[in-house]
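This explanation leads the reader through one protein chain.

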Amino acid sequence: MNTPIDYELVERKIKELDVPDIGNASIREIVQLVTSIEAATGERYIRMEMGIPGLPPTQLGVNAEIEALQNNVASAYPRIDGIQSLKDETSRFVKLFMDIDVKPEGCVPTVGSMEGSYAAFLVSGSCYKERDTALFIDPGFPVQKQQMLVMGHKYKTFDVFDFRGDKLRDKLESYLSKGDINCIIYSNPNNPAWICFDEQELSVIGELANTYGVVIIEDLAYFGMDFRIDLSRPGQPPYQATVANYTDNFILLISSSKVFSYAGQRIGMMVISDSLYHRHFPYLEERLKVHGFGNAVVHRVLYALTSGTSHSAQYALAAMFKGASDGTFNFIEEVKEYSQKAKIMKQLFLDNGFQIVYDSDLDQPVGDGFYFTIGYPKMTGAALMHKLLYYGISAISLGNTGSTKEGLRACVSSVKREQFGDLAIRLQRFNADFPCAAE
Ligand SMILES: Cc1ncc(COP(=O)(O)O)c(C=O)c1O
């Protein structure tokens with residue numbers, strides 16, 4: 001078969017990877033595969049499999065981190081619950097960009113939001129013996145399910161595509177009424193679909209959290225990146241939408257990785273509501289020998305996992321939050337490039353027989369951001385993912401994200417503008433080679 005990337009070689013590399021089903025391989029497996037094909041062929045892929053920030057790190061953070069290191073912070077263990085300036089700046093940041101009040105005490109740094117979600121799942125799952133299951137509002141970030149697997153925790157999931165707006169309440173209640181759910185997790189904007197819950201949906205989630213006493217883990221890895229609205233002005237509406245306006249049972253996860261392009265330093269914040277932080281649960285006390293939710297997070301889980309977050313990175317994040325809150329650093333302007341690239345890339349796919357899988361967001365078209373979803377007529381997501389590898393294009397199957405739709409998640413961040421020409425040519429080839437499917 002004559003394909004832009006040598007067919008035999010791709011097949012051989014897939015075999016060497018030794019995964020049961022390439023179409024459903026994990027993000028890191030695809031990264032490994034494509035890196036080795038690139039090395040063997042010298043061809044550059046259009047790499048859309050992994051959400052690595054494609055921008056330089058925020059300089060404010062880098063400078064603050066260098067200064068902290070020069071001040072010898074590297075030799076001292078950081079406070080597990082975070083240095084005071086970071087706690088204070090986080091509390092100020094959520095006030096100014098979300099209009100919510102959380103005391104610095106509940107603002108706790110973690111080694112990326114990954115550690116934050118791990119800690120949140122672990123403690124939420126240890127509050128009541130009978131509530132042993134987490135609920136994922138999918139599609140979602142696949143690694144969080146891997147965390148459940150590693151912990152040996154149970155989870156349930158549903159694809160929210162058909163349950164937006166008024167349909168969300170009944171769907172959530174159908175799970176919550178069984179009495180086994182301890183927490184609900186979703187990302188907003190959503191990885192991978194880029195849909196955003198509106199105020200009415202968030203109010204339903206918040207109300208049900210109050211009624212059923214479940215913890216809402218709101219993953220804000222893409223904070224402020226619903227570019228359809230300007231969320232960049234501190235202290236002025238509109239604010240980043242949040243369930244925190246409707247319930248006190250919340251943990252927000254704010255990652256530095258995407259908004260500040262700071263993924264390498266592995267730092268994010270858990271923002272735990274004042275009331276949840278101090279809430280006592282008899283089973284939690286028995287299980288982790290600790291009083292209160294917040295203490296369980298800090299003095300049990302984070303202590304056991306990493307004993308705090310890199311000292312210098314905490315100074316970096318404090319400086320970036322401070323710059324944003326002071327209004328001297330417009331972090332949203334910096335990441336707008338993603339939405340501009342998404343717009344162009346989506347069009348290239350549409351021009352070549354593809355469709356956007358999650359194309360609408362309630363009554364509007366879905367926004368342009370860090371990810372978009374693509375499908376090809378009459379092809380499963382796994383088959384599409386596999387076939388595109390021969391055309392020098394890599395992405396992950398939506399099946400990996402808990403989606404019930406056939407298609408792929410495409411991440412715009414690592415694709416350079418100068419590759420758009422190649423992308424167009426490869427998509428045209430693909431479309432010409434699979435015309436029947438595109439009918
Ligand atoms: C929804 C979501 N949550 C969490 C993360 C991980 O964030 P961090 O790099 O802070 O661990 C990502 C990264 O892609 C993500 O997309």
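The protein chain is divided into domain 1 (7–43 + 336–433) and domain 2 (59–326), with bounds that come from an automatic or database domain assignment. The model is a predicted one, in which local features need pLDDT of at least 70, side-chain atom pairs count only at pLDDT 80 or more, and totals for chains, interfaces and linings use all residues. Residues are numbered from 1 along each chain as its sequence is written.

The C-alpha centres of the two domains lie 29 Å apart. Across their boundary, 23 residues of domain 1 are in contact with 24 residues of domain 2; contact requires that the C-beta atoms of two residues, placed from the backbone, lie within 7 Å. On the side of domain 1 that touches domain 2, strand β12 (residues 371–375) supplies the largest share, 3 residues. Helices (H or I, at least four residues) and strands (E, at least two) are DSSP runs, numbered from the N terminus.

Strand β12 also belongs to an open sheet of 4 strands, in the order β9-β12-β15-β14, with antiparallel pairing. Two strands pair if DSSP finds at least two bridges between them. The edge strands, β9 (355–356) and β14 (396–397), each pair on one side only. Strand β14 is joined to β15 (residues 408–411) by 2 bridges, and S397 has L408 in β15 as its bridge partner.

What surrounds the ligand? The shell consists of 13 residues, of which G112, S113, A221, S255 and S257 are the closest; a residue is near a molecule if its C-beta atom, placed from the backbone, lies within 6 Å of it. Helix α5 (residues 112–124) gives the most to this shell, with 3 residues.
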